[in-house]
Amino acid sequence: MDQMKKHYKRALTIAGSDPSGGAGIQADLKTFSACGCFGMSVIVAVVDENTVGVTGVHPVPVNFVTGQIRSVLDDIGTDAVKIGMLHSSELIRAVKAALSAYDIGNIVLDPVMVATSGDKLLQDEAVETLKNELIPFTRIITPNIPEAELLLGRKINGRHDFLPAVRELSAGCGVSVLLKAGHLDEDLLTDVFYNAETDEITELTSERIHTVNTHGTGCTLSSAIAAFLAHDMSLNDAVRHAKDYMVSAIAAGAEYETGKGHGPVHHFFGFWK
């Protein structure tokens, strides 16, 4: 009889919380649900923030983080993992070590270093650890321009810098890279995706949606990629579907006013208005 039971597609997020509900763990779980996955979470930090900015970050003890990972994966398992804000070198190494004990092919890393509000979320010494130890362990990373600049140690001066940037970020570690164009001052935005597994470059173009409601867009996009990978999509298809989902969520969320700063996107646009 048990053989007749159905199984959810599963997705796990490892990230910080956002009490205002637009970013972090909360955005990840909403995205997983909207994209047809059973969502699970490992909280690495409790963040004091809202749509206006970040007031403080309270880290969860590292051994408690790894305990959460083992509890989830030993029992339920997962089809994909999304990793968000990891604020210290110790935490980065511990998360990698904990995940290494399991056979997980779909690991999506959103290298969160700066919040939408401009507040810094990552300790300086952790940047190199992220770059040298965790990024090579993942399947795809999804930096925005400021995050890519921190990883590269140089400026990205415009659209013409994207192609060399994605190849450089991938070089030596074989990770695929989606470089997001949202920080460019253009009405037509073209993200560049380098699939390191096929050595393909794909340009994903969309019109800029003029709205302040962009809180948690990076969390949402990376979680959508993880969700679609959990559904056994190819890397190219997962990225395309995630981009389409993100654009629709921003467009739907632009109609609402939530908070006094950067409001959230509408994760459940496909279910209610």
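Me: How many aromatic pairs does a search of the whole structure find?

Reply: The search finds three aromatic pairs. The structure is a predicted model, and every value below is computed from it.

Me: What makes the pair of tyrosine 8 and phenylalanine 38 stacked?

Reply: A pair of aromatic rings is described by the distance of the centres and the angle of the planes. The ring centres of tyrosine 8 and phenylalanine 38 lie 5.4 Å apart, with the planes at 20 degrees. Centres within 6.5 Å form a pair, and planes under 30 degrees apart count as stacked. The pair is therefore called stacked.

Me: Which parts of the chain does this pair link?

Reply: The pair links distant parts of the chain. Tyrosine 8 belongs to the segment before strand E1 (10-17), whereas phenylalanine 38 belongs to strand E2 (residues 38-49), and the two are 30 residues apart.

Me: Why does tyrosine 8 count as exposed, and what does phenylalanine 38 count as?

Reply: Exposed requires over 50% relative accessible area. Tyrosine 8 has 64% relative accessibility, so tyrosine 8 counts as exposed. Phenylalanine 38 has 34%, so phenylalanine 38 counts as partly exposed.

Me: Why is the pair of phenylalanine 268 and phenylalanine 271 called edge-to-face?

Reply: The centres of these two rings are 6.2 Å apart and the planes stand at 70 degrees. Planes over 60 degrees apart count as edge-to-face, so the pair of phenylalanine 268 and phenylalanine 271 receives that name. Phenylalanine 268 is partly exposed at 23% relative accessibility, while phenylalanine 271 is exposed at 58%.

Me: How do you know that threonine 142 is buried?

Reply: Buried means under 20% relative accessible area. The value for threonine 142 is 0%, so this residue is buried. Threonine 142 is located in the loop between strand E6 (140-141) and helix H5 (145-152). Leaving aside residues up to four places away in sequence, threonine 142 touches several residues, including Val108, Leu109, Pro111 and Ile225.

Me: What makes the approach of threonine 142 to aspartate 110 a polar contact?

Reply: A polar contact needs a pair of N or O atoms within 3.5 Å. The side chains of threonine 142 and aspartate 110 make such a contact at 3.4 Å.

Me: What makes helix H5 mostly covered?

Reply: Six of the eight residues of H5 are buried. They are Ile145, Glu147, Ala148, Glu149, Leu151 and Leu152. These buried residues pack against helix H4 (124-134), helix H6 (162-170) and strand E7 (176-179).

Me: Which residue caps the N-terminal end of H5, and which residue follows H5?

Reply: Asparagine 144 caps that end, with a side-chain oxygen 2.9 Å from the backbone nitrogen of glutamate 147. Glycine 153 follows H5 and has a positive phi, near 75 degrees.

Me: Why are helices H3 and H4 called roughly parallel?

Reply: The axes of H3 (residues 89-100) and H4 cross at roughly 20 degrees and come within 8 Å. Angles under 35 degrees count as roughly parallel, and therefore H3 and H4 are given that description. The contact is made by Ser89, Ile92, Arg93 and Lys96 of H3, together with residues of H4 that include Glu125, Ala126 and Leu130. H3 passes H4 in a right-handed crossing.

Me: Why are H2 and H3 described as roughly parallel?

Reply: Helix H2 (residues 62-75) and H3 pack at an angle of about 20 degrees, with axes 10 Å apart. The limit for roughly parallel is under 35 degrees, and H2 and H3 are therefore roughly parallel to each other. H2 passes H3 in a right-handed crossing. Val62, Val65, Thr66, Ile69 and Leu73 of H2 take part in the contact, and among the residues of H3 are Glu90, Leu91 and Ala94.

Me: Why is aspartate 232 called exposed?

Reply: The relative accessible area of aspartate 232 is 61%, and exposed means over 50%. Aspartate 232 is therefore exposed. Aspartate 199, at 48%, counts as partly exposed.

Notes. Residues are numbered from 1 along each chain as its sequence is written. This is a predicted model: local features need pLDDT of at least 70, side-chain atom pairs count only at pLDDT 80 or more; totals for chains, interfaces and linings use all residues. Side-chain values use heavy atoms; hydrogens and water are left out. Rings of Phe, Tyr and Trp (its six-membered ring) pair if their centres lie within 6.5 Å; planes under 30 degrees apart count as stacked, over 60 as edge-to-face and the rest as tilted. Helices (H or I, at least four residues) and strands (E, at least two) are DSSP runs, numbered from the N terminus. Buried means under 20% relative accessible area, exposed over 50%, partly exposed in between (1.4 Å probe, protein chains only). A polar contact is a pair of N or O atoms within 3.5 Å; within protein, one must be able to donate a hydrogen and the other to accept it, and residues adjacent in sequence count only if both atoms are side-chain atoms. Contact means heavy atoms within 4.5 Å. Axes are lines fitted to C-alpha atoms, for helices over the stretch in contact, and angles run from 0 to 180 degrees between N-to-C directions. Angles under 35 degrees count as roughly parallel, over 145 as roughly antiparallel, 65 to 115 as roughly perpendicular and the rest as oblique. A crossing is left-handed if the near helix is turned anticlockwise from the far one by less than a right angle, and right-handed if clockwise.
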